[in-house]
Amino acid sequence: MKRKETARVISQERISGDICSLVLSVTFAGDVSAGQFVSLFPHGKEKLLPRPISVCAADAAAGTIWLVYRVAGKGTKEFSQLIRGDEVEVMGPLGHGFPLEEARGKRVLLIGGGIGIPPLLFCAKALKGSADVTAAAGYRSDSTYLLEELEALCDVLVSTDDGSMGVHGTVLDAVRADGRKADLIFACGPRVMLRAVKEYAAEHGIRAYVSMEERMACGVGVCLGCVCTTTAEDAHSHVHNARVCTEGPVFAAEEVDLS
Amino acid sequence: MTERKKQETDPAKRAVLKKEEINTEVVIAGVRLKNPVITASGTFGCGREYAEFLDLGKLGAITTKGIAAVPWEGNRTPRVAETASGMLNAIGLENPGVDVFLERDLPFLKNAGCGVIVNVCGHEPSDYYRVVEKLNGVEGIDLLEINISCPNVKAGGLSLGTDPKTVEEVTRGCKERASQGVIMKLTPNVTDIREIARACEAGGADAVSLINTLTGMKIDIEKQTFVLANRTGGLSGPAIKPVAVRMVYEVSGAVSVPVIGMGGISSAEDAVEFLLAGASAVSVGMANFINPYVTLEIAEGIRDYCARHGISKVTELTGRVKGR
């Protein structure tokens, strides 16, 4: 059940460059699964629309969710200034996450680029003990984040754009260089990365799920602002569009057009 | 402009009433709504998504997403952009078409317990008529709202709703085909909105609703590109409210059919402003995205306002504003 509520900030810290880590106390922590997101609302009268932010971890017992996000504009800049004890309006859980059931007993490759890494940490945690998980994480430079957390859960392949750490190149370069076999891929990152993941998965006959990003307004499926192009006719509008916020953000790679 | 109603009593001198004493009902084209709060087309789907958040039965009415004769794909993305106290959208009226609507969405709406207004869109007058013919006489549809703000090839690429003659023709065409009351939804992107409203009235409209979005544009100066794939989009949200209030005031003075006011309403105070300006009911749009519970809060707040001002019926608020 989705809800909108006032959340309390448990902690916030800047973990690397423009990347922030925010822990919120919410009533719906136990309902959030890996790959889902929440809407965070700026305060005030000028910026009104919610910002979709993927969930990095949820602790049902503590009633908290952990968000790791990049400060990219005015809204996220405002969130970055929240401190322990502050209140912020949040709505969630939103969207459909990764199909964790399908991963049971399989060799799973988690591929994350940049700010696409946080939901994959959630996956790694959720799959620990039930799947053979490897993560591939692509960063701009050796200013990494969430790397230690990933390494505590699974094997991790690292790439950097500037070659300062791991494979010099894209995260797919790291995956290819490693060459290990997989039955299933979960990916989140920029569109160009998702396109490469889709190609790689098709080449190797691996089923892949990708988490899509699009500008959103309502976050709950009414405004149709965030659609992506689908290969088959969609069930909602009976055209070739799916709502990233509702049917997504996670789609089977072959379902969506990434060209 | 016709002469405005005279105010006989000073609201400040009236006794405060209890909330339970307030009659919140309004009647639009013969349809009784339990309160004057309606959801604006395109901001509430067909109700299902927000049913998770609130009891739809407490709304005055739901206006559906625009429904066309056949499925529409809409525009490319990005379709939305944030602006100061508002947003631009260029969705392009993506919708599954009237057949899917009738089969899938209407049964849900019928059970919602509130008024049902179906928003009708098209390119050509004949497109509208095809939809209206399918909705004609269908049980569970209380009113039709005809969105005459879509770009139209026939009228030279202009929105069909900017030409009074075409507006009158489409209004009459819809009226002739519909058993339900017809609301014409007006675009504000005209020189004199009263002229369009009068054309609607001449064509037999039962009510008019306004305003639709104001055409705008946003440019990403770093990428030196348009933010919206469609280049232009419709501006909505609190930023447009003063324009909308002015137009509601103008139109309610120019026609005798009821006016449904909308444009940036996000609180009961905003809604009351529209009612005082001449609206008989109000629609809430973008504010649903910010607070899914806002419509019910507005309905409650209007009642509080009436109680505080000793006004026993919400309908008494309509056009109550006085000159200074």
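How many aromatic pairs does a search of the whole structure find over all chains? The search finds six, where rings of Phe, Tyr and Trp (its six-membered ring) pair if their centres lie within 6.5 Å. This is a predicted model, in which local features need pLDDT of at least 70 and side-chain atom pairs count only at pLDDT 80 or more, while totals for chains, interfaces and linings use all residues. Residues are numbered from 1 along each chain as its sequence is written, chains are lettered from A and ligands numbered from 1 in the order in which they are written, and side-chain values use heavy atoms, without hydrogens and water.

A pair of aromatic rings is described by the distance of the centres and the angle of the planes. Planes under 30 degrees apart count as stacked, over 60 as edge-to-face and the rest as tilted. Phe98(A) and Phe186(A) form a stacked pair, 4.9 Å centre to centre with 25 degrees between the planes. Phe98(A) lies in the loop between strand S6 (87-94) and helix H2 (100-103) of chain A and Phe186(A) in strand S11 (residues 184-188) of chain A, so the pair ties together parts that are 88 residues apart in sequence. Helices (H or I, at least four residues) and strands (E, at least two) are DSSP runs, numbered from the N terminus. Both Phe98(A) and Phe186(A) are buried; buried means under 20% relative accessible area, exposed over 50%, and partly exposed in between (1.4 Å probe, protein chains only).

In chain B, the rings of Tyr50(B) and Phe53(B) are tilted because their planes stand at 55 degrees, with centres 6.0 Å apart. Tyr50(B) is buried at a relative accessible area of 1%, and Phe53(B) is buried at 10%.

Charged side chains form salt bridges (a side-chain nitrogen of Lys or Arg within 4 Å of a carboxyl oxygen of Asp or Glu), and the structure holds 32 of them over all chains. In one of them, Arg48(B) meets Asp105(B) at 3.3 Å, N to O. This pair links distant parts of the chain, with Arg48(B) in helix H1 (residues 48-51) of chain B and Asp105(B) in helix H2 (residues 98-110) of chain B, 57 residues apart. Arg48(B) is partly exposed, with a relative accessible area of 38%, whereas Asp105(B) is buried at 7%. Salt bridges that share partners also join Lys19(B), Glu300(B), Arg303(B) and Asp304(B) into one network.
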